[in-house]
Amino acid sequence: MFKKTILATVVSSCLLAGYASAESISGVVTDENGQPVAGAEISVVGENQRVFTDENGRFVVSKLLAAEAELHIEARRFGHRNFHFTVPQQGLNDVSLTLLSSTIEVIDVKASPFHASATESALPVSVLAGDALKMRQASTLGDTLKNEVGVHSNFYGGVASSPIIRGLDGPRVLITQNGLDAGDASRVGPDHSVAAEASTATQIEVLRGPATLFYGSGAIGGVVNVVDERIPTDNTSRAEWMLQRGSVNNEKLAAGSLVTGVDNIGVYVDGFWRDNGNYSIPGFADIAPDEDAVKGKVANTAATAKGFTLGGSYLLDNGYIGVSYGRLDREYGIPGHSHGGHDEHDEHDDQDDHSAEEEVFADLNQNRYQLLSELNFSSGLIRAVNSKLAFTDYEHAEIEHGEIGTTFKNQSREARIEILHRPYQDWRGGLSLHYKYSDFEAIGAEAFTPPSETQMLALGWMEERHFGPWLVQLGARIERVTLDATDVLLPDIGAHGHDGDEHDHDEHDHGAELIRVFDVSQKFTPYSLSAGAVWDLAEGYNLGLSVSRSQRAPSASELLSFGPHIGTAAYEVGALFVLDDDEFVLNAQPIKMETANNLDITLRKFSGNTGFVLNAFYNQVDNYYYQQNTGLFAEDGHDHGDDHDHGDEHDHSGELPVYLFTAADVTLHGLEAQYVWQLNEPFKLTLQGDYIRARLKGGGDLPRTPPLRFSAELAYEQDAISADLRATRYMKQDRTAALETATDGYSLLDASVSYRFNLGSSQLTAYLKGQNLTDEDVRVHTSFLKDKTPLPGRSMALGVRGSF
């Protein structure tokens, strides 16, 4: 019923669409020295039209839908600007618009319903696009974004990783594709790959902090939005492609995309293929005895992936409506999947036992359907209606010894309609109606969370208004979240302490003698509020302030888990249960929601030969759900035969430490800084750093908190050659949670060089890039496998990409 209502709204909106009137604006775009700016993109805010300036900086915007027009202008190496006009019937001619040069790349944010740039937002935003995205794209999303300010990766052996934003990840960071949830299982565990591909993306946006409430309570830590053109908004023919070969894991990559069309039809197609073997690391042969490791490689880190997307749009005078289908297949090893007796808390935990490494891999496939539309109206109360719908069918099988051990399935449906009103008293904004349904199922030996259904229905509101040099932004959202699960298990797992004297371990037959099964139904009503302001305090400077209060209902895995999770090397128990004298029982207290109170302050300079962005944030989270080490051990659920003697009180072969999801009040605060200096025409220096402190109010630190980090990058760009050299220092992280080990600091040196040339009508770029050039042995503190899978060693990649 909900889908039918949405489709009816879209169709009726098309029928009620207004048609263009005759007003127009023409003029010239120049820089601060009066020189024309060629190739600047001029779009009409609230209308689906854009034009580009010619070599003399001149432009003509015709067929405006309304007499009040706002032009948004963007150009490479210039800050974005908006200009407001009252357009008479005969139009405006010879207007002069001036842009300010900027050393900071300024890109529009597609995740915002207002499509503002990163420098116009009250909350901190990063956008990775263009050549920078192509050079940094990796096989996983977290590794693609790991060099962005305030963003780290929960590196999982190179086969999977998710972004960590300000120390938050998992269910607190929403991964979206063109504004809709990716619909995968990546937030259930770090060994589950994100179902998004960077090689075919046009840009990736990172929105930090709880002020991203327009996307729902799952975005309490931030939003990562992967943008592509799978539903084209125009039919100008263009194509991009790339080929790459890497050394550290023998990677082979081919990817390409095409946009074309005829008349009012736009067509899009893309595809990619990626294959790599186990990756090499320095010094591994000295500590690992198995055959693969002697060759200096990490077992179970090979991967192969392929996918394609088909999309089409019907282009209207006042917008577009389009649909797409995408298919993704990915097969990758699961490193560290050992049942050979490695003790996570042994004093020699850096000397890994790889002799019992098993051939375990994941087979992932996803079918995704999307419908997107934007419709703009020339009259009436409603200015625009934006609709987004998606259906995703996801399956992830973990295979051991050629047989499927565990299967994860997720069918999701999502719909969001944004109704934007015409400016009223200079306020612009609108309402968002958002629905999401997820049917998640895990079956098999490592199904640590039971099948569950989650539904969310939300109403959101957002407004903004200019008051002279001030831009004020307000927002609110209320949700209804229901979580229903059958076959929730409460087994007697025979958990015992480190000395093994709480329970006689031999009395239990590798698991439960008694299992209680029951149904669970939970309902939550989280709400969120935010207020922000951007003050243009001087030409080329602004100050952003954002305050918010956001609530989040716990996810199914945080609430219902009860079983071995080999991906995190832990026996996970959800917050629905509590520990009573080393026995787990049902939690008699009501399940609480997380509540985050956040303050963000951002100072920006984005014009002239120098620029900077300084962020400071303070986030107080009540009832923060995290995994607390109980100090107990439980069977890992696998049959190890008779070779394992559990008589030794310090031998935890075939066991996992028990972690309990616990709610506690925490405080997270930190700083993020980026400074850019155009030294002269070809050389640019970028300095940046970030610091995160994550503490429990009752004392202690949260686990896997990213360390203090600094980096410096020197870039060269002139004529056909571009090059950069980047050095990054990660400091030692010794602010650790209970039973968590500290991680030494390390330095990374990366570099790249590229050469651009034309071949017929195509523009080609040949490039060479290197990572970890000093071949340093690196243990990533935010990784669940830091003691088993270091970062890859020295890596070189050679590639060519083209466009026409």
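**Nonpolar patch and cores**

Leu431 is partly exposed, with a relative accessible area of 42%; partly exposed lies between buried (under 20%) and exposed (over 50%), with a 1.4 Å probe and protein chains only. The model is predicted, so local features need pLDDT of at least 70 and side-chain atom pairs pLDDT 80 or more, while totals for chains, interfaces and linings use all residues. Residues are numbered from 1 along each chain as its sequence is written, and side-chain values use heavy atoms, without hydrogens and water.

Q: Which strand gives the largest share of the nonpolar patch?
A: The patch covers about 690 Å² and includes Leu431, Trp461 and Tyr527. Its nonpolar side chains (Val, Leu, Ile, Met, Phe, Trp, Tyr) have over 30% relative accessible area and no salt bridge, and are joined within 5 Å. Strands 23 (427-444), 24 (452-467) and 27 (527-538) each give two or more residues. The largest share, three residues, comes from strand 24.

Q: Which residues have the most contacts inside the largest nonpolar core?
A: A nonpolar core is a set of buried Ala, Val, Leu, Ile, Met, Phe, Trp, Tyr and Cys residues joined through side-chain atoms within 4.5 Å. The largest has 32 residues, and those with the most contacts inside it are Leu560 and Leu576.

Q: Which element gives the largest share of this core?
A: Elements giving two or more residues include helix 5 (556-560), strand 25 (470-491) and strand 34 (610-635). The largest share, five residues, is from strand 25.

Terms used:
Patches are made of residues with over 30% relative accessible area and no salt bridge: like charges are joined within 9 Å, nonpolar side chains (Val, Leu, Ile, Met, Phe, Trp, Tyr) within 5 Å. Accessible areas come from the Shrake-Rupley method with a 1.4 Å probe; for residues, only the protein chains shown count as cover. A salt bridge is a side-chain nitrogen of Lys or Arg within 4 Å of a carboxyl oxygen of Asp or Glu. Helices (H or I, at least four residues) and strands (E, at least two) are DSSP runs, numbered from the N terminus.
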